Amino acid sequence: MNKPIFLWSTWALLSVYLVILAGAVVRMTGSGMGCPDWPKCFGYLIPPTERSQLYWQPNKNYEKGNVIILDNTLQVAIQTFESGKTIDLQNWEAYTKHDYTTFNATHTWVEFINRLLGAISGLIVLGLFIRSLWWIRKQPLLSLFSFFAVVGMGIQAWLGKTVVDSNLLPSKISLHMIMALLIVSVLLFVRAKSHGKQIQQPSKTLLMLIVGSFALTLIQFGLGVDVRQFIDYQIKQAGSNAPQLWLDRPEISFYVHRSLSLVVVVLSIWIYKLVIKEGLAQKYIQFIIGCILAEIALGILMYYVDFPWGTQPLHLLIAAMLFSVQLYWLFRIKIKPYDLPI
């Protein structure tokens with residue numbers, strides 16, 4: 001085992017999961033536009049706590065990029081200057097990415113914490129890559145995939161900017177989430193390969209079922225993304241205070257998503273029985289079944305109890321964990337090319 005890389009990749013994964021959870025909380029609380037610009041928040045490294053701080057003030061030092069709210073528009077300082085007794089509009093230009101000007105201190109700080117966690121996660125992933133360079137000759141794949149993770153974090157940051165610039169366009173949010181799973185996949189590969197010893201290979205039948213189960217999870221995730229986009233549109237139409245209407249007359253993807261969950265349960269139980277029969281380690285499939293049952297329970301709560309607080313971010317986090325455990329299990333299995341299901 002390459003213990004340093006194993007530990008760094010574990011920390012990196014935990015930090016990414018934390019960012020995924022924070023992002024889900026941002027969405028649940030409607031805080032996505034808490035910081036209307038990027039990467040700063042209203043042009044500041046530390047965001048304001050009161051709306052009055054965003055009004056123009058006389059005899060104040062403004063730095064380039066600072067934002068004020070003027071006549072229900074966002075104005076950005078085009079240079080560093082000290083204001084006089086009256087506002088000089090030549091020092092300001094309109095923010096043109098969007099026209100969102102609402103300030104809510106809670107939303108601002110929820111979004112700011114989300115970004116802060118993302119920055120910390122990025123630094124941890126960068127640390128993983130730097131540490132992997134110690135083994136670039138003996139284990140070049142560790143360095144290569146650690147570098148992929150760094151690149152992925154950079155792309156993810158840019159995608160975060162596009163989400164804000166689009167005023168939370170649902171398709172942009174979905175792409176942002178998919179990128180997070182790609183980063184998780186790369187980090188899981190690094191962690192699995194740094195572990196060294198692979199686990200006992202299952203029979204070809206069991207391997208086909210494990211791969212099939214993972215494929216179903218990917219389909220479920222795609223359907224879940226489509227359902228989430230539908231809910232986002234419903235929230236815009238019905239409002240954030242009417243959760244009983246968020247799944248009113250859902251699209252077909254919702255019903256397929258719900259029905260497939262039962263197929264996933266049956267398939268997982270079948271895999272569990274084969275794992276016991278072949279005397280393999282049961283921890284992965286036990287965790288997978290636990291995640292699936294939790295997802296179903298949360299889905300029932302969201303549909304029949306009108307989205308109780310916390311169910312949405314938990315549903316997303318557990319889905320990411322389910323995806324991760326299934327993929328990590330496959331990475332840990334020593335698979336011969338002719339054993340792959342085709």
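Leaving aside its neighbours within four places in sequence, which residues is Lys-161 in contact with? In this predicted model, Lys-161 is in contact with Trp-38 and Lys-97, once those sequence neighbours are set aside.

**Helix 3 and its surface**

- Lys-161 is found in helix 3, and its relative accessible area of 23% makes it partly exposed, because that class lies between the limits of 20% and 50%.
- Although Lys-161 and Pro-36 stand 125 residues apart in sequence, their C-alpha atoms are 9.7 Å apart in space.
- Phe-148 also has its place in helix 3, which covers residues 140-165, and with a relative accessible area of 39% Phe-148 is partly exposed.
- Phe-148 belongs to a nonpolar patch on the surface, which it forms with Leu-141, Leu-144, Phe-147, Val-151, Ile-155 and Trp-158, and together these residues have about 640 Å² of accessible area.

**The nonpolar cores**

- The largest nonpolar core has 60 residues, and of these Ile-20, Val-184, Leu-187, Ile-271 and Trp-329 touch the most other members.
- Two or more residues of this core come from each of helix 1 (3-28), helix 2 (105-132), helix 3, helix 4 (170-195), helix 5 (204-238), helix 6 (252-277), helix 7 (283-304) and helix 8 (311-332).
- Another core, of 17 residues, lies apart from the largest one, and among its members are Leu-54, Val-67, Ile-69 and Ala-77.
- Not counting residues up to four places away in sequence, Trp-329 touches Ile-199, Ile-210, Ile-271, Val-275, Tyr-284, Ile-285 and Ile-288.

**Phe-214 in helix 5**

- Phe-214 lies in helix 5, and it counts as buried because its relative accessibility of 12% is under the 20% cut-off.
- With neighbours within four places in sequence left aside, Phe-214 is in contact with Phe-323, Gln-326, Leu-327 and Leu-330.
- One of these residues, Leu-327, is 113 residues from Phe-214 along the chain, yet the C-alpha atoms of the two are separated by 7.2 Å.

**Helix 4 and what follows it**

- Just after helix 4 comes Gly-196, which takes a positive phi of about 90°.

Notes
Residues numbered from 1 in each chain as written. Predicted model: local features only at pLDDT ≥ 70, side-chain atom pairs only at ≥ 80, totals over all residues. Heavy atoms only, no water. Patch = residues over 30% accessible without salt bridge, like charges linked within 9 Å, V, L, I, M, F, W, Y side chains within 5 Å. Areas by Shrake-Rupley, 256 points an atom, 1.4 Å probe, with all protein chains shown as cover. Salt bridge = Lys/Arg side-chain N within 4 Å of Asp/Glu carboxyl O. Helix = DSSP H or I, 4+ residues; strand = E, 2+ residues; numbered from the N terminus. Buried < 20%, exposed > 50% of the residue type's maximum accessible area, 1.4 Å probe, protein only. Core = buried A, V, L, I, M, F, W, Y, C linked by side-chain atoms within 4.5 Å. Contact = heavy atoms within 4.5 Å.
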